[in-house]
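Let's take a friendly walk through a protein chain. Have a look at the picture, and then we will follow how its pieces sit together.

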Amino acid sequence: MVKIALQISAQFENIEELKTCHPDYAFYVKVKCSNCGEQDEKWHDITESERQSEGDSSRNTKGVNFFIKCKLCNRESSIDIVEGSNASYTEADVGKFKTIVAFDCRGIEPVEFSPRSGWIAKAVENGQKFEDIDLSEDDWADYDEKNKESVGITEFKSQFVKLKK
């Protein structure tokens, strides 16, 4: 079992907080088998509020957030979102990488992330709240009617890092 954190970095324009619509946000990832190294080129979604049963259901009766069988070596692997690991990215974090969620990985690890839609941003100075933001182009812009100013998220980047025990 390996714990892997998804970290993001971004630049803000008049935004004070960015977060996912946890626990219903679908993290779209590409994965690699830890056993044989086979990387699946398909995007897979991992959502904390959704559970699926594993191949050998006697191991884990509550299920996992994501289960897959490697096409090359047939190894069964799973990923669970670590409960309570979701965090928001704030003004204080701008320009730095910060962990926004951690995954408990068994036999597989995420290698690429696609942010897509489902993000929530809050404008500065008690400004407007923007929901279901799409970051699939790695940036987003809108207008805060409450504060009468433009808002935006640019230079969105992500990385996966192994967490120390």
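Two strands pair if DSSP finds at least two bridges between them. Keep that in mind as you read on, and remember that this is a predicted model.

## The whole chain

What kinds of secondary structure does the chain contain? It comes to 0 helices and 13 strands. The C-alpha atoms fill a box of roughly 55 × 30 × 30 Å along the principal axes.

Of the 165 residues in the chain, 42% are buried. Looking at contacts between residues at least 6 apart in sequence, 60% join residues at least 24 apart.

Let's start with β10, which spans residues 117-123. Because 5 of its 7 residues are buried, this strand is largely enclosed by the rest of the structure.

Strand β2 (residues 15-20) runs antiparallel to β10, and 5 bridges join the two. Within this part of the model, T20 has W119 in β10 as its bridge partner.

On to β11 (residues 129-134), which pairs with β10 in the antiparallel sense over 4 bridges. Here S117 has D134 in β11 as its bridge partner. β10 and β11 form a hairpin with 5 residues between them, and E125 in the turn has a positive phi of about 50°.

## Strand β9

Strand β9 (residues 108-114) is mostly covered, with 5 of its 7 residues buried. Which strand pairs with β9 over 6 bridges? That is β3 (residues 26-33), in the antiparallel sense. V29 has F113 in β9 as its bridge partner.

## Surface and charge

The chain exposes about 8,900 Å², and carbon and sulfur atoms supply 42% of that area. There are 23 positive and 32 negative side chains, and the centres of these two sets lie 8 Å apart.

Terms used: Residues numbered from 1 in each chain as written. Predicted model: local features only at pLDDT ≥ 70, side-chain atom pairs only at ≥ 80, totals over all residues. Heavy atoms only, no water. Buried < 20%, exposed > 50% of the residue type's maximum accessible area, 1.4 Å probe, protein only. Contact = heavy atoms within 4.5 Å. Areas by Shrake-Rupley, 256 points an atom, 1.4 Å probe, with all protein chains shown as cover. Lys, Arg positive; Asp, Glu negative; His and termini not counted. Charge placed at Lys NZ, Arg CZ, Asp CG, Glu CD.
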